Structures are given as C-alpha cells and as structure tokens.
Amino acid sequence: MGAKYTEAQKRATMKYQKENTSLIGIRVSKEKRALYQSEAEKAGKSLSAFIIDIVDEKIAES
C-alpha cells in the first residue's frame, strides 16, 4: 500500500500554496475546454500545465 496523505502534509501543502502561488481563473465555452483538455492529454500534460507552457512559450517569443 502507498503512504497516507497526513493532515500535517495537507496543512503544509495548503500553507505553501497560500504563500507561493496565485490562482488564475478563466472562463471558456464547454467546447473550447474539451478541445484544450484533449490537446493537453495528447501532450501528456494536465490542462493547467498545458496552458502555462503555452503562455510561457508565447512570452518567450516576444
């Protein structure tokens, strides 16, 4: 069996996220979300990682 995710680990993760990350929300049509999700899966990435990579690539181009 795998290790259990303890309450202490949960608290540490939540603290790290609060101190070091920001949440960005966007709204897209359900069709666009399905397309984005499909492309992310083809790339072997989560939807979030896929979007972040594309934004980073666009910034690097400019």
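User: How do you know how the chain's radius of gyration sits against that of a compact globule of 62 residues?

Analyst: The chain has 16 Å, while a compact globule of 62 residues would come in near 11 Å. That rule is 2.2 Å times the number of residues to the power 0.38, with the radius taken over C-alpha atoms. Along the principal axes, the C-alpha atoms fill a box of roughly 40 × 30 × 20 Å. Bear in mind that this is a predicted model, where local features need pLDDT of at least 70, side-chain atom pairs need 80 or more, and totals for chains, interfaces and linings use all residues. Numbering runs from 1 along each chain as its sequence is written, and side-chain values use heavy atoms, without hydrogens or water.

User: What makes up the secondary structure of the chain?

Analyst: Three helices and zero strands, in the order α-α-α. Those are DSSP runs numbered from the N terminus (helices: H or I, at least four residues; strands: E, at least two).

User: How do you know whether the span of α2 agrees with what it should be?

Analyst: The expected span is 1.5 Å times one less than the number of residues. With 13 residues, α2 should span 18 Å, and its end C-alpha atoms are 18 Å apart, so the two agree. Just after α2, Gly44 has a positive phi of about 75 degrees.

User: What makes up the lining of the largest pocket, by class?

Analyst: Nine nonpolar, three polar and two charged residues. Asp, Glu, Lys and Arg count as charged, Ala, Val, Leu, Ile, Met, Phe, Trp, Tyr, Cys and Pro as nonpolar, and the others as polar. A pocket here is an open set of points on a 1 Å grid where a 1.4 Å probe fits, with protein on both sides within 12 Å along at least five of seven lines, and lining residues have an atom within 4 Å of a point. The largest pocket has a volume of about 440 Å³, meaning the space filled by probe spheres set on the points. Of its 14 lining residues, the closest to the centre are Ile24, Gly25, Ile26, Ser48 and Ile51.

User: Which element gives the most to that lining?

Analyst: α3, with six residues.
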